[in-house]
Amino acid sequence: MIRAFLRAGDPTWLRPLMLALLLTPGCTSDNSSPVAQSDSPGAPAIGSTAETATQVNSSAVGLASVTYTGIPYGPFGLWTMNKLNWGPGPFTASHNFINADTLVLQINAARNKGQRLLVAMTGGDETRYTTNGQFDMTKWKNVMSTYNKSSLKTAVAAAVSDGTLIGNLLIDEPSTKRWGTVLTKPMIDQMAVYAKSIFPTLPVGVNYGPQGYKWRTSERYTKVDYVLNQYNYVVTSGNIVAWRDAVLAQAKLDGVTPAMSLNVLGGGVQDYVDGYYDCTGTGQGGIGPYTNYPNCRMTPDQVRTWGTALTPYGCFMSMWRYDKAYMSKTANLDAFKAIAALAASKPRRSCKRP
């Protein structure tokens with residue numbers, strides 16, 4: 001789900017510069033002043049529509065307080081380190097790859113913009129975490145352990161407290177073959193325990209593809225906080241309510257908080273009609289990103305309708321993924337604005353385990 005943008009956040013040639021910047025508290029190349037926005041969340045009780053964030057210690061992150069309300073809404077890959085790829089409006093949040101060298105930079109920049117973050121601290125290609133085609137817990141822990149630094153613990157605790165940082169992805173689509181056959185929900189709970197030993201207040205979660213909620217249904221999570229579920233037209237031929245209700249039912253069984261997402265670039269109606277893959281037919285929003293099967297992009301009406309059906313039910317509403325050409329289209333942008341307005345009108349929710 002998120003692999004396509006993970007590498008963008010980790011240019012190794014910039015690491016010396018990033019390390020130098022990290023030595024300067026609050027240093028960021030974004031010169032915008034801190035802002036208070038009325039459309040963003042953190043980790044308060046469900047039902048609170050607005051909550052002023054706590055004052056952040058300037059020695060930890062160098063920035064002032066912010067105000068977040070509503071359900072966070074935005075695409076994967078809106079940030080590359082501390083640089084916005086878009087806007088950020090109408091988006092109030094995003095899901096991004098990060099590493100230990102650049103975590104504070106992204107937190108500070110997001111807070112400056114009044115934006116919230118779900119991060120993938122252990123992102124990247126699956127080969128980074130597999131041995132002989134099987135998930136390797138030791139390799140995963142080795143990457144997660146790079147965050148075990150007092151300065152990062154302070155920064156993350158402050159960002160969770162003020163609502164800027166709302167979750168950390170443990171693993172992306174564990175049900176897929178790329179992780180081998182050894183993964184289980186209890187094993188992912190072990191990952192959750194390890195991540196929380198470093199950042200005890202930061203919610204941790206799992207990202208699922210459209211069929212992911214059906215994975216290992218006889219098992220239960222006991223430590224994972226949230227599961228992000230991504231919709232694709234093909235799983236229910238557009239019956240978003242049936243899919244949503246099934247996802248919510250499984251989340252309740254697993255004891256996790258649901259988060260929602262739309263695969264806007266590759267989860268639209270498929271183009272099988274005339275044998276020619278151009279995605280120009282009814283209900284098709286243009287050619288998608290996949291070459292092995294003809295999933296089209298979602299149309300503006302689909303984004304608006306399906307986004308409306310999902311947004312109120314999650315602690316986060318996302319889209320896969322940032323794409324300048326797609327987002328620049330007026331009709332698509334209008335649909336994003338409609339979802340953003342809906343998200344802003346709803347009570348903010350924590351992504352912590354219920």
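Reply: Start with rings. Rings of Phe, Tyr and Trp (its six-membered ring) pair if their centres lie within 6.5 Å; planes under 30 degrees apart count as stacked, over 60 as edge-to-face and the rest as tilted. This is a predicted model, where local features need pLDDT of at least 70, side-chain atom pairs count only at pLDDT 80 or more, and totals for chains, interfaces and linings use all residues. Residues are numbered from 1 along each chain as its sequence is written, and side-chain values use heavy atoms, with hydrogens and water left out.

Me: How many aromatic pairs does a search of the whole structure find?

Reply: The search gives 10 aromatic pairs. One of them joins F91 and F336.

Me: Why is the pair of F91 and F336 called tilted?

Reply: The centres are 5.6 Å apart, and the cut-off is 6.5 Å, so the rings pair. The planes make 50°.

Me: Which parts of the chain does the pair link?

Reply: Distant ones. F91 is in the loop between strand 5 (83–84) and strand 6 (93–97), and F336 is in helix 11 (residues 330–345), 245 residues apart. Helices (H or I, at least four residues) and strands (E, at least two) are DSSP runs, numbered from the N terminus. Ring pairs also link F91 and F336 with Y73 and Y326 into a cluster.

Me: Why does M81 count as buried?

Reply: Buried means under 20% relative accessible area, exposed over 50%, partly exposed in between (1.4 Å probe, protein chains only). M81 has 8% relative accessibility, so it is buried. M81 lies in the loop between strand 4 (79–80) and strand 5. Its phi is positive, about 55°, although M81 is not a glycine. F91 and F336 are both buried as well.

Me: What makes S237 exposed?

Reply: Its relative accessible area is 53%, over the 50% limit, so S237 is exposed. S237 sits in the loop between helix 7 (233–236) and helix 8. Phi of S237 is near 50°, again positive in a residue other than glycine.

Me: And why is S218 called exposed?

Reply: S218 has a relative accessible area of 70%, so it passes the 50% limit. S218 is in the loop between strand 11 (204–208) and strand 12 (226–231).

Me: How do you know that the charged end of K185 sits over the ring of Y221?

Reply: A charge sits over a ring if NZ of Lys or CZ of Arg is within 6 Å of the ring centre and within 35 degrees of the ring normal. The charged end of K185 is 5.3 Å from the centre of the Y221 ring. R244 lies over the face of Y313, at 4.3 Å from the ring centre.

Me: What makes helix 8 roughly parallel to helix 9?

Reply: The axes of helix 8 (residues 240–254) and helix 9 (residues 300–310) cross at roughly 30° and come within 10 Å. Angles under 35 degrees count as roughly parallel, over 145 as roughly antiparallel, 65 to 115 as roughly perpendicular and the rest as oblique. So helix 8 is roughly parallel to helix 9. Axes are lines fitted to C-alpha atoms, for helices over the stretch in contact, and angles run from 0 to 180 degrees between N-to-C directions.

Me: Which residues meet there?

Reply: I240, W243 and R244 in helix 8 meet W306, A309 and L310 in helix 9. Contact means heavy atoms within 4.5 Å.
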